[in-house]
Amino acid sequence: MRRLLSTALLLTVTLAAAAQNLSDLIISEACAANFSGIVDERGQHRSWIEITNKSTGTVNFAGCFISDSPSDLKKYMIPKGDLSNRLGSRQVRVIWPSFEIIPGTTLYLVSTDGKTVIDTIEIPEDLPADMSVRKVARDVRRIDFRTDPSPAVPTPGAMNTDGDIESGSERVAHHDPHGWTLTLTSVSVVFGALLILMIIFTISGNTFSGKYKKRLSRHSGPSEEEAAAIAMALSEYNGGEDADIAAIALALHLFFSEEVHDSESYRITITSAVPRWSDKTRNFRKPVK
Amino acid sequence: MSQILDSLQQFWQFTGFANCTWGNIVMILIGVFFITMGIVKEWEPLLLVPIGFGMIVGNIPMFPGLNIGIYEDGSVLNILYQGVKQGWYPPLIFLGIGAMTDFSALISQPRLILIGAAAQMGIFGAYLLALACGFAPNEAGAIGIIGGADGPTAIFLSSKLAPDLMGAIAVSAYSYMALVPVIQRPIMLALTTKKERLIKMPKPREVSRREKIIFPIVGFLMTAFIVPSGLPLLGMLFFGNLLKESGVTKRLANTASSSLIDIVTTLIGLTVGASTQADKFLSGKSLMIFGLGLLSFVIATASGVLFVKIINLFIKNPEKKINPLIGNAGVSAVPDSARVSEVVGRETDPSNHLLMNAMAPNVAGVIGSAVAAGILLGFLG
């Protein structure tokens, strides 16, 4: 019951973290002389810039600034309270700054503190009218954008890519919308990986647990009954007693089945458990308390 | 006098009182409640106390631009949050888990490893369901990993694939891990007969030190070569285990399994809590994530139990048959799901101890979920 209640509490606070960092924003495109392109909400042709969120999280850039002057980084503040200023994963938004963009200047995207420059883009002096300068995604995960050296036909509101760049998720959405291919592939790989581990550790386990050695010893050495018979014969030959038989039989048993190694041929030695005077363990000092 | 009043009025605009919303208050109250439950009732205190306090921290209303919020670049909280966002903390937690985990049960009974693979069906079942519910593939992958029953893995993958859903996924994963006994027991009883539950399994053999040392090296090489995208998790898990088993790096293993994992757990709890926002409170998407998370646990448990039953069909020697009650332990909520196997097994036969046998699929499940996370990251990242 307590666990249920605990989880019910957790359930009531199903919280989604908006992992946002302004550093994930870039100025992805800018158009200075916009005479026949897109129009703003008043129907006017004006300079525009495009902001892209290159991360997989949501970023709220309300309160950030756009400027073309390093000495006045707060030239235009992106309005607060506008829900469209929250950019989702790899989304793009067109901004209409209050000033005209002049070719040959550098545009700055500035953080909410009015000091930290998040990103810049240089507007070429020879940028033709109704053409834009843009940054193009160069990698499949869209984290590496580079400025395209040549003026481009504007694509406001669309991700600037080489055309053939597709993220893993988009590729799966396109080619495997129901997910069965990925599921079957993944299950096969998980089973395959653990199956290989199983095989390896079955073999190594058999080796280390002495199964193979036992099998080998059964072929190369005497069985337990044979070991006992040898022990009795040896004892009788030496005129020994029952205790000797037991000791020899135990030694043979250990030698053949428990992997007790003896370096001397034809001799089985039962060593004392007491360490020698030169044993390492005797040289350790007692801990000082 | 008027200047003082103006200054005070200006100061008022900076205070939390002036910027407070109802959402902030609700979230702060929930945070306080979490802390209370963690301390007074001791319900998952290692989880609830840091997350609860983090929720309070993250929902303190403030004047924007002070550069102190968790989402403001360069702030202290933002720097700490990078550990979650960039996926630094989960591998460090895996290092500690590796240094704490004894893989002997798995090494001594390799055939039980595959149960850990079967239980990962929960991940992919939830992935399919999430896609059917309209989630994008990357979001569905992040939701599916809840079925891996592994908090750090869930945070790691969701931070990479769907950071917006990370809070809901993390809270969901930890909730259902706490609920493992409640969720798994009825499924285990429903899918097994009394005769099957009475199966006694032999005690695992003792494992030599050499085997324990070889395991993390071979295990890492095999899994990392197959799924390189799982390298951060798998590498740290096996590295931590090597520190433990080598016997010559006890200090490092002790640090990884105590101080380090405690520090990282504190930071991950605090920052995940602080990253939660009132405006996303009880969103429909988050509730769906909780529903899918529950289903993923159900699928994972059922898959593990049914897999054992299928395997038993091919085992002729009755002494070598596997008790299906350890199938649930493939869900890698270590060691809770193995304990459930033990408890349910003893309910049927008090002399039947399944814990040591259940630990094998349990730790195999940890490896399996890390491999699954690597696969999803490779395909969907």
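Which residue of S7(A) is the bridge partner of Glu50(A)? In S7(A), that partner is Val94(A).

## About the model

This is a predicted model, in which local features need pLDDT of at least 70, side-chain atom pairs count only at pLDDT 80 or more, and totals for chains, interfaces and linings use all residues. Residues are numbered from 1 along each chain as its sequence is written, chains are lettered from A and ligands numbered from 1 in the order in which they are written, and side-chain values use heavy atoms, without hydrogens and water.

## A strand with neighbours on either hand

Let's start with strand S2 of chain A, residues 48–53; strands are DSSP runs of E, at least two residues, numbered from the N terminus. Six of its six residues are buried, so S2(A) is largely enclosed by the rest of the structure. Buried means under 20% relative accessible area (1.4 Å probe, protein chains only). Trp48(A), Glu50(A) and Thr52(A) lie on one side, with Ile49(A), Ile51(A) and Asn53(A) on the other.

Strand S1 (residues 25–31) of chain A pairs with S2(A) in the antiparallel sense over six bridges; pairing needs at least two bridges found by DSSP. Here Ala30(A) has Ile49(A) as its bridge partner. S2(A) also runs antiparallel to S7(A) (residues 92–95), joined by four bridges.

## Where the chains meet

Next, the interface: 60 residues of chain A are in contact (heavy atoms within 4.5 Å) with 85 residues of chain B. One salt bridge is counted between the chains, meaning a side-chain nitrogen of Lys or Arg within 4 Å of a carboxyl oxygen of Asp or Glu. Asp24(A) forms a salt bridge with Lys85(B), with the closest N and O atoms 3.1 Å apart.

Definitions and conventions
Buried < 20%, exposed > 50% of the residue type's maximum accessible area, 1.4 Å probe, protein only.
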